[in-house]
Amino acid sequence: MSDRSDLGIRSEVPRTDIWAQPFLPPQARGSGDDDDMDADFGPLLAGVGRALTQLFGLAVTVAADRPLPRAAEAPRVDPALASLLATVRLGGDPARSPASAGGVVMARQAGAIAAAADAAAAQYWPRECRLAGFDLAVTIVGVAAAPLAGLTAAPLHVLAPPRPAPLVPVPLAVLAAEIMALPVRVRVELASDTAMVAMLLPLRIGRVLPINPRPDMPLLLGDHRIGTATITPLPDGRQQALITALAVQPGHAATRGDC
């Protein structure tokens, strides 16, 4: 029996390269933007499901997919979905949809599916999400024959709606110049009086109504009284107003029956 113990105590720092590194699948990891982790895709899934249900005329359920990285040439719409939509639109039996997925007809059906999904995405895409697109798994309820036989769900890639261009602040000098160039209608109230109805009747062309000039003629901008003015005649027959006081009174013309 040996006096030597096989139990050893090591004080050095353990190696870190032997530990498993944390891993998140691409769909969960997103695009590197932490905001994508908190994005709520529930309304998007429900919206795309309603759009495809209306398009196919069949019950459609949509769930989030976790595909492998997409190739640049990969189709957005699974050929089986395009073939099924063509069958439905031509009045065929969805359970006997052909497996062929080529030609112009299938391309048009795939385009219709993609357009319906993108329209729903434009309405329900999460604002905080920065992904360029989202992969969905589409299931046609009650259809399990070709071409969907053996498929749990058919993949569909929906594109993020284009983001609006950021607003560029207008320089104050430019904004001030635009405001100063804004045309407004200014008028002067020459006369105002209160008359009994009997004084106005009978109304006819040529009847003279007695009115008294206003001593302080209001200067009006729209429905707002902005001050008072006096009228000065010009040699060419026109008249000009000379501002004598400024006092803004909102809604002056709208609350009084002055003429």
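This is a predicted model: local features need pLDDT of at least 70, side-chain atom pairs count only at pLDDT 80 or more; totals for chains, interfaces and linings use all residues.
View 1. L201 counts as partly exposed because its relative accessible area is 48%, which sits between the 20% and 50% cut-offs.

**View 2. The hairpin of β5 and β6.** Here β5 runs antiparallel to β6 (residues 224–233), and five bridges link the pair. Look for L221, whose bridge partner in β6 is H224. Two residues lie between the strands of this hairpin, and G222 takes a positive phi near 65 degrees.

**View 3. On to β6 and β7.** β6 also pairs with β7 (residues 239–249), again in the antiparallel sense, this time over eight bridges. To get your bearings, spot R225, which stands opposite Q249 in β7. The hairpin has five residues between the strands, and G237 takes a positive phi near 95 degrees.

**View 4. Stepping back to the whole protein.** Seven helices and seven strands make up the count of elements, and from the N terminus they go α-α-β-α-α-β-β-α-β-α-β-β-β-α. Of the 259 residues, 26% are buried. The protein exposes about 18200 Å², with carbon and sulfur atoms supplying 62% of that area. Among contacts with a separation of 6 or more, 64% join residues 24 or more positions apart.

How values were computed: Residues are numbered from 1 along each chain as its sequence is written. Side-chain values use heavy atoms; hydrogens and water are left out. Buried means under 20% relative accessible area, exposed over 50%, partly exposed in between (1.4 Å probe, protein chains only). Two strands pair if DSSP finds at least two bridges between them. Helices (H or I, at least four residues) and strands (E, at least two) are DSSP runs, numbered from the N terminus. Contact means heavy atoms within 4.5 Å. Accessible areas come from the Shrake-Rupley method with a 1.4 Å probe; for residues, only the protein chains shown count as cover.
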